[in-house]
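Please open the model in the viewer and keep the sequence at hand.

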Amino acid sequence: MRWRQPCTHVPPETVANEAVITQLASDTIELLRNHEPGYAAVTPAATSAVALARELGVKLETTYTGRAFAALLADAAVGTLADADVLFWDTYNSAPMPPPGRED
């Protein structure tokens, strides 16, 4: 393995300054909020998927497993999964968390 010198180039202040970085971060947050529900946001599709799973005897939650099942159902509805073998791996674990370990 060859050692490479770290980059020592410093961008000009007109490109990298607090105002520019703050605006870039704000624009990024707005873009993400406009295009994707946030973490743990309950979507109508996830709620429907969880309800369907419950009817089938499968317990899901709306953060991960419900949203994953909703995506699977959406793919199935448009034919993406036609003639495919599909496995839905339910990773939901409703067991209580163990007590925290010792601090040391």
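Predicted model: local features only at pLDDT ≥ 70, side-chain atom pairs only at ≥ 80, totals over all residues.

Not counting residues up to four places away in sequence, leucine 60 touches Ala49, Val50, Ala53, Thr65, Gly66, Phe69, Phe88, Asp90 and Tyr92.

Next, select Ala49, Val50, Ala53, Leu60, Phe69 and Ala70 together: these 6 residues form the largest nonpolar core. Helices α2 (44-55) and α3 (65-77) each supply at least two residues of this core, and α2 gives the most, with 3 residues.

Now turn to the aromatic rings. How many aromatic pairs are there? The count comes to 1. Display the rings of phenylalanine 69 and phenylalanine 88: their centres are 5.0 Å apart and their planes stand at 55 degrees, so the pair is tilted. Phenylalanine 69 belongs to helix α3, while phenylalanine 88 lies in the segment after α3; the pair therefore ties together parts that are 19 residues apart in sequence.

Phenylalanine 88, at 26% relative accessibility, counts as partly exposed.

Finally, show the whole protein. The secondary structure comprises 3 helices and 0 strands, in the order α-α-α from the N terminus on. Of the 104 residues, 12% count as buried. Among contacts with a separation of 6 or more, 44% are between residues 24 or more positions apart. With the surface displayed, the protein exposes about 9,300 Å², of which carbon and sulfur atoms supply 59%.

Key: Residues numbered from 1 in each chain as written. Heavy atoms only, no water. Core = buried A, V, L, I, M, F, W, Y, C linked by side-chain atoms within 4.5 Å. Buried < 20%, exposed > 50% of the residue type's maximum accessible area, 1.4 Å probe, protein only. Helix = DSSP H or I, 4+ residues; strand = E, 2+ residues; numbered from the N terminus. Contact = heavy atoms within 4.5 Å. Phe/Tyr/Trp six-rings, centres within 6.5 Å; stacked < 30°, edge-to-face > 60°. Areas by Shrake-Rupley, 256 points an atom, 1.4 Å probe, with all protein chains shown as cover.
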